[in-house]
Amino acid sequence: MNKEAWETSIAPFPICEYAWIAVKDIPFLSQVRYICETECPRYGTSWSCPPAVGTVEECRERCLAYEGAFLFTTMAEVTDISDLEETLRTRKEHEEVTRQVGALMGEQCERVLILSTESCANCETCTYPGAPCRHPDRMFPCIESYGILVTELAERNGISFLSGGNIVVWFSLIFYA
């Protein structure tokens, strides 16, 4: 991966901050999965969430098969950060940037694995577990579903995750080989 050429190619995208990550340095924690199991209403209902993504150890092994990762953020402004519906409406733009950046990386790399924000929202009702995902090319598992504590990863790499005010920070993590 020619990182300088890559950085030039992503310049048109509204990426706020980014970091190149050594896969071996990514923290995989079973405690993150515990939060999914006990607090997230999407647990067990989506192909992008546990248990469909596999165990934390399976996710870790899957990620270790890549040579590196690219963590990036986009930001959105909302009128009221405590309004969950308004906040979640801004996610669609981030997911589109993630799709485009992932496709661009896919043109330059042999393989990519894209992890992004929250649970997949491509379909009104997910086919999990009764049928295969309708849109596997647009379904990005949640970073946390893999057991990755994104705030710790961001902090380790100098990326802000608390911008204050009514700013929403969205994360994506793209593995490449």
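Analyst: A nonpolar core is a set of buried nonpolar residues such as Ile, Leu and Phe, joined through side-chain atoms within 4.5 Å. Keep in mind that this model is predicted.

User: Okay, which residues have the most contacts inside the largest nonpolar core?

Analyst: Ile-26, Ile-148, Leu-173 and Phe-175, in a core of 25 residues. Strand E4 (167-176) gives the most to this core, with four residues.

User: What does Ile-26 touch, beyond its neighbours within four places in sequence?

Analyst: Ile-21, Ala-69, Ile-148, Leu-153, Leu-173 and Phe-175. There's also a second, separate core of 16 residues, which includes Trp-6, Phe-13, Ile-15 and Tyr-176.

User: How do you know that Cys-40 is in no disulfide?

Analyst: A disulfide needs two cysteine sulfurs within 2.5 Å. For Cys-40 the nearest one, on Cys-49, is 5.5 Å away, so by that cut-off there is no disulfide here. The search of the whole structure finds zero.

User: What makes up the lining of the largest pocket?

Analyst: The lining divides into 25 nonpolar, nine polar and 10 charged residues. Among those nearest the pocket's centre are Arg-91 and Trp-170. The pocket holds about 1300 Å³ of space.

Technical notes. Residues numbered from 1 in each chain as written. Predicted model: local features only at pLDDT ≥ 70, side-chain atom pairs only at ≥ 80, totals over all residues. Heavy atoms only, no water. 1 Å grid on protein atoms, 1.4 Å probe; cavity = no way out; pocket = protein on both sides within 12 Å on 5 of 7 lines; lining within 4 Å. Points joined across faces, edges and corners; volume = space filled by probe spheres on them. Helix = DSSP H or I, 4+ residues; strand = E, 2+ residues; numbered from the N terminus. Nonpolar A, V, L, I, M, F, W, Y, C, P; charged D, E, K, R; others polar. Buried < 20%, exposed > 50% of the residue type's maximum accessible area, 1.4 Å probe, protein only. Contact = heavy atoms within 4.5 Å.
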